[in-house]
Amino acid sequence: MMTAKESTSGPRLLFVVSAPSGTGKTSLCKKLLSEVPGLSFSISHTTRAPREGEEDGKNYYFTNRDEFEQAVADGKMAEWAEIYGNCYGTARATIQQFMDQGVDVLFDIDERGAQQLREIYPDLITILILPPSIADLRKRLTGRGTETEAALRKRLTQAEEEIARMAWYQYVVVNDTLEDALDQLKAIVQAERCKHNHDFIERLLQEDDGIKK
Ligand code: ADP
Ligand code: 5GP
């Protein structure tokens, strides 16, 4: 007979992580995914060009505007938004695939995407990552070296508005040192898993492994 530990666990958890560009979200998500078992990254579709080192099907599914718009028109996207002139979205099939696999899902999407997902999944867990200061944000964006000067200015001017819009998120993590922020993210995932683990009570009580005989 299956023990409580071996049987399938409770409902799958959906975590959204958002941050102003340059905060360190990509670095943190990468580490979180490599250190927390049972958590999978939702790969988004985007019309933006790949950055150096980015791979199709790993960081994003890179697509063109016609294909993206067609997917939206066909109802294939669970959420989408236009950001800095490019389209970004999560395909319904991407989410379904993880649900079928029985893993928790991590979404790196913006606030508009989070709102759309929350309508479909009211239990969505929302995490806002912030830089310790706007000056640090500028340094990090410049250091990443992926933006032209014009794009950098555009991203910085939008950052403060973006932060204000994300005040409704449930958790706020300040990415001062990467290690501390990562610890906080891990703690959130663990706490949410414990919070939703009540199915375990029933499974434990149903366990019949002959111990009482
Ligand atoms: P985002 O995905 O939020 O745009 P990235 O993960 O690409 O951000 O990080 C932007 C830059 O900031 C990168 O060069 C990264 O190495 C650096 N960075 C990330 N976290 C920290 C941190 N805690 N302290 C200093 N630099 C950081
Ligand atoms: P970047 O171009 O730096 O990879 O991403 C820019 C912004 O797009 C980030 O804030 C990121 O969270 C957001 N983003 C990435 N994928 C999606 C998505 O599928 N949907 C939405 N709404 N935003 C996304």
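Which element gives the most to the lining of the largest pocket? H1 does, with six residues.

The model is predicted; local features need pLDDT of at least 70, side-chain atom pairs count only at pLDDT 80 or more, and totals for chains, interfaces and linings use all residues. Residues are numbered from 1 along each chain as its sequence is written, chains are lettered from A and ligands numbered from 1 in the order written, and side-chain values use heavy atoms, without hydrogens or water.

**View 1. Helix H7, residues 178-195.** Helices are DSSP runs (H or I, at least four residues), as are strands (E, at least two), numbered from the N terminus.

View 2. Ala 181, Leu 182, Leu 185, Ile 188, Val 189 and Glu 192 are buried (under 20% relative accessible area; exposed is over 50%; 1.4 Å probe, protein chains only). They cover an arc of only 115° around the axis, so they share one side of H7. The arc is taken from the directions from helix axis to C-beta atoms. The buried residues pack against strands E1 (14-18), E8 (125-130) and E9 (171-174) and helix H1 (25-35) (contact: heavy atoms within 4.5 Å).

**View 3. The largest pocket.** Its space is about 1300 Å³. Of its 47 lining residues, Lys 25, Thr 26, Arg 51, Tyr 60 and Asp 108 are the closest to the centre. A pocket is an open set of points on a 1 Å grid over the protein atoms alone, where a 1.4 Å probe fits, with protein on both sides within 12 Å along at least five of seven lines; lining residues have an atom within 4 Å of a point.

Conventions. Expected span 1.5 Å × (residues − 1). Points joined across faces, edges and corners; volume = space filled by probe spheres on them.
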